[in-house]
Amino acid sequence: MPAVPATSATPATAQGVPHLTVEALFGSPVRVGASISPDGTRIAFLAPWRGRLNVWVESVDAGEEARCVTADDSRSVHTYHWTDDPRWLLYEQDGDGDENWHVYRVDLEDPDAGAVDLTPFPGTTAVGFETTASRPGKALLHLNRRNPAEFDLYELDIATGELTVLAESPGQAAGWLYTPDGDLYAYTLTADGDIELARWDAGAGTLRPVITFDGADHPLGIQPFQLTPDGTGVWMGSNRDTDRTRLVRLDLATGEETEVDSHPVLDLDPRSTVFPTLPSPLILSRHTGELLGARYLGERQVIHPLDPHFAAVLENLEKLHDGDLGAVSSDESGQRWVVGFTHDRDLGVTYYYDHSTGESRVLFRSFPHLAPEVLAPMRPVTITARDGLALPSYLTLPLGVEPAGPAGLPMVLLVHGGPWHRDSWGYHPVVQLLANRGYAVLQVNFRGSTGYGKAFLKAGIGELAGKMHDDLVDAVDWAVAEGYADRDRVAIFGASYGGYAALVGVTFTPDVFAAAIDFCGPSNLVTFLRTVPVFARPHLVNNWYLYAGNPDDPEQEADLLARSPIGRVDDIRTPLMVVQGANDVRVVKAESDRIVDALRARGVEVEYMVKDDEGHAFVNPENNIDAYRAADRFLARHLCGQAGSE
């Protein structure tokens, strides 16, 4: 991709802050996602090739030019895996956002050989990919090849591509554990939504329960849930008999939990549950699989080292940068490391560190054209809801602006998805675009968000379009009272659940918001729940059915409809923009079509953008650039902010 100018000549504010272009914020990074090879001699990273992110490999030592080893010119690659054989590298890819993930193999010793699809089964998705030190040359993965609704456990021979079925789903298995000794444990959901771990008795063909967990405590399942290297236990996040999620070891023979580590006020970092490309809360040894450290998340990240060697490494790594330590990888000796940092104004800064020599150097910054001094800092604030609940939030103000007095700034309330997710400190291109245009940006962790304890999570049960939305309105009132926001110029913007929240905002509280942007949000909770992928439906019982309702129950169906924006479409008088991926399997296109068609039938203008080669989250940079250019213009018109001139 050609170099993109980061700024235009037009200042965003009277203080002379440069105007950042949408292309500069939403174009492809120069490099991102680096990791070191197991033997410590090479570094892999993602970088553009023909306008798409692909995997590149270079030598750790200078002198060898980086080489692109994948060749996907239709959709960016985001996930790849080194293997214990230096010849092979694996990566994952779906088709235009359809979430049918396939695993591909690349031969690093033969640059002319094409990628090999190791899971070449139409309509099938591969999940739970994992390599272990105890099974060299092999990988475990789950495939719904036999039955679209069920995932069976397979072992993959990486060199030959041979797939061997280790266990078929007994009907409602959410996943399998396979120990080094060949024992199998099924992780299943009961009809009531509880989570049961059971040992598979191959002779009898039955499951023998080990322990059952309250599913209401784990709406997205138990995370982390990692088999120990000896196969006798599981490291897992537990909130049994506590409010906070701590790290325990579960004995697979007895079901007994033993605390490994905890933080007095923070939960284990929950974010990789929703976004698996984010770092796991567990930091593991690449060579042995043993536990090195645990991540906790509050306003900022806290890492507890659980291994003396890693404690020494961590002390030096944290001196490299003032951001939060992100993805980490090391060679098998634990001496050579490649680490990234999360920072609100320094995206993707990545270092090489050699613990044996103390050498360190910056490998790259993902967006070197975006200097930290032209980006707006993100600061934590706490907002008190009308019922007294404290809402951890983040406020970003335009550079050089300290609003005071009754006028305030135009503001965008940016609502996270899930709803079982959370906003956190770090770089966010949408936040930076909005702040650069002169808007205050407020991100609220409303009740039901994860990472703030079990009571805060469960406070969201039954509160869609209720107290969960009240929290957002209370946050707007707070921002107005504090002088940050102009009450007449507040927009609501969100994706997925955040898109639903935007639609709720303009239907249930139409006087609060001056504009709204819905990105892939459900407009009808009943039809949304009836069209989720077939393999996801058994898992709805302890999240959507518990928090919102089951559409197969007539009384709950009526309540779901009452909480659906489509039922109040006649109340919409707020300017609305809707963005949708045509291949979205989570919130299907019909959800956006319904709200748009209903408004147009009334003669109400609504902006509607559909991308035919995208799914639930846009990946291709040109589509994100189109979407956010349109959003920039839309908000400028309706909040009187500064339009982006490209």
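All seven of the seven residues of strand 25 (residues 291–297) are buried, so the strand is largely enclosed by the rest of the structure. Buried here means under 20% relative accessible area, with exposed over 50% and partly exposed in between (1.4 Å probe, protein chains only). Helices (H or I, at least four residues) and strands (E, at least two) are DSSP runs numbered from the N terminus, and two strands pair if DSSP finds at least two bridges between them.

Because the model is predicted, local features need pLDDT of at least 70 and side-chain atom pairs count only at pLDDT 80 or more, while totals for chains, interfaces and linings use all residues. Residues are numbered from 1 along each chain as its sequence is written, and side-chain values use heavy atoms, leaving out hydrogens and water.

**Around strand 25**
- Strand 24 (residues 282–284) runs antiparallel to strand 25 and is joined to it by three bridges.
- These two strands form a hairpin with six residues between them, and Gly-289 in the turn has a positive phi of about 80 degrees.
- Strand 23 (residues 267–268) is also antiparallel to strand 25, with two bridges; Asp-267 has Leu-297 as its partner.
- Five bridges pair strand 25 with strand 26 (residues 301–305) in the antiparallel sense, and a hairpin of three residues links the two.
- Leu-297 also stands opposite Gln-301 in strand 26.

- An open, antiparallel sheet has its strands in the order 27-28-29-30.
- Strand 27 (324–330) and strand 30 (360–364) are the edges, each pairing on one side only.
- Strand 28 (residues 336–342) and strand 29 (residues 350–354) share five bridges, with Arg-336 partnered by Asp-354.
- Helix 2 (residues 308–317) packs on the sheet and touches strand 27, strand 28 and strand 29; contact means heavy atoms within 4.5 Å.
- The direction of helix 2 makes about 50 degrees with that of strand 28 (axes are lines fitted to C-alpha atoms, for helices over the stretch in contact, and angles run from 0 to 180 degrees between N-to-C directions).

**Nonpolar cores**
- A nonpolar core is a set of buried Ala, Val, Leu, Ile, Met, Phe, Trp, Tyr and Cys residues joined through side-chain atoms within 4.5 Å.
- In the largest core, of 62 residues, Leu-413, Leu-442, Leu-464 and Trp-544 touch the most other members.
- Helix 6 (residues 497–508) gives the largest share of this core, eight residues.
- A second, separate core of 38 residues includes Leu-434, Ala-514, Phe-618 and Ala-636.
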